[in-house]
Amino acid sequence: MDFLQPTSWQEALELRAERPDAVPIAGGTDVMVDINFDRSRPGALLDLGRVGELREWSTDDGSVRLGAGVPYARIVGDLGAHLPGLAMAARTVGSPQIRMRGTVGGNLGSASPAGDAHPPLLAAGAVVEVESAARGVRRIPAAEFYTGVKRNALGADELISAVLIPSAAGPQQFCKIGTRNAMVIAVSAFACALHPDRRAVGTGIGSAAPTPRRATEAEEFLAGELESAGLWESRGELPETLARTFGERVAAAASPIDDVRGSAAYRRHSLSVMARRAVLWAWNDYRKAA
Ligand SMILES: Cc1cc2nc3c(=O)[nH]c(=O)nc-3n(C[C@H](O)[C@H](O)[C@H](O)COP(=O)(O)OP(=O)(O)OC[C@H]3O[C@@H](n4cnc5c(N)ncnc54)[C@H](O)[C@@H]3O)c2cc1C
């Protein structure tokens, strides 16, 4: 197995085009597991660890450009104010060792329905930036990036350069259910974001459908109810019945399966509970911020 080590983004793109048999590797926390268990034996590894551009983040015009290779530990440490939902999710990933190595680019590359970065990216309205040497840059909304179980919209000659995520204009929440508190793959997960600037609600469901997905009908329902009751301006209390109905609509948007981690029925039920609680927490934060 060849080990390719580009030191610049341009070189990485050229190697990606020249060596279709090469598997990109960032933190390696998914790739190395597959190799160790003999589930994959690529002709080459394309190590992105020396490409400095991938490990940077910046803010511009109300959004964060998060390099694909920024590890979770830095998201927790640096970006809690800009990206609270993603930082909450990052805090739940694996162990400290995994959070030092693992990246959002790797989570997107693996595109597991259980990946913890996906729900907050969906709720925030993130866009995935990908690039190839021949065709240049493409920007793909996160909601269109996941195309099937562990499949994504990335072309064979493309690499993920960054994720563009609007800085939070309102409170965000992330909830995850696992069989224990740490080092666990989500049985189900949910993220929500309040966008008072455009009077919208964002959601993301994890581990309860073939791909991470939004609960768009629930989003529109809640935003409409908040609007018609004048709650965005008054910041009045969120009626419990409204939060409960929102939770039920989020659960209805899922299409979970029974597997070793949980039953489809449990996943649906847990989603309705997480969505109800998360939106109440987020709304109470919105009221307190007045
Ligand atoms: C013990 C353990 C615990 C874990 N716990 C969690 C958890 O709680 N939550 C969770 O979501 N995940 C968890 N994971 C899975 C893993 O840590 C995450 O999916 C992580 O985000 C992968 O990032 P990485 O940089 O290590 O990716 P890698 O393993 O380097 O790569 C993963 C995939 O992405 C591709 N890739 C990486 N970077 C790019 C790029 N720039 N462009 C194109 N393709 C790219 C690779 O080719 C590969 O297909 C765990 C893993 C382990 C081993």
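User: How close do the axes of helix α9 and helix α11 come, and at what angle do they cross?
Analyst: The axes of α9 (residues 216-228) and α11 (residues 240-253) come within 8 Å and cross at roughly 160°. Axes here are lines fitted to C-alpha atoms, for helices over the stretch in contact, with angles from 0 to 180 degrees between N-to-C directions. Helices (H or I, at least four residues) and strands (E, at least two) are DSSP runs, numbered from the N terminus. Also, this is a predicted model: local features need pLDDT of at least 70, side-chain atom pairs count only at pLDDT 80 or more, and totals for chains, interfaces and linings use all residues. Residues are numbered from 1 along each chain as its sequence is written, and side-chain values use heavy atoms, leaving out hydrogens and water.

User: Which residues of α9 and α11 make the contact?
Analyst: On α9, Glu-217, Ala-218, Glu-219, Phe-221, Leu-222 and Glu-225; on α11, Leu-242, Thr-245, Phe-246, Arg-249 and Val-250. Contact means heavy atoms within 4.5 Å.

User: How do those divide into nonpolar, polar and charged?
Analyst: The contact of α9 with α11 has 6 nonpolar, 1 polar and 4 charged residues. Ala, Val, Leu, Ile, Met, Phe, Trp, Tyr, Cys and Pro count as nonpolar, Asp, Glu, Lys and Arg as charged, and the others, Gly among them, as polar.

User: What about α11 and α12, at what angle do they pack?
Analyst: α11 and α12 (residues 264-288) pack at about 140°, with axes 7 Å apart. They are therefore oblique to each other. Residues in the contact include Phe-246 and Val-250 of α11 and Leu-271 and Ala-275 of α12. The contact of α11 with α12 divides into 8 nonpolar, 2 polar and 5 charged residues.

User: Switching to strands: what's the order in the open sheet?
Analyst: The 5 strands go β4-β5-β10-β6-β7, with antiparallel pairing. Two strands pair if DSSP finds at least two bridges between them. The edge strands, β4 (57-60) and β7 (136-141), each pair on one side only. Neighbouring strands are turned by 25° against each other on average, direction ignored.

User: How many bridges join β6 to β7?
Analyst: 6 bridges join β6 (residues 127-132) to β7, and the two run antiparallel. In one of them, Val-127 has Pro-141 of β7 as its bridge partner.

User: Which helix packs on the sheet, touching β6 and β10?
Analyst: Helix α1 (residues 9-18), whose direction makes about 130° with that of β10 (158-166).

Note on methods:
Parallel < 35°, antiparallel > 145°, perpendicular 65-115°, else oblique.
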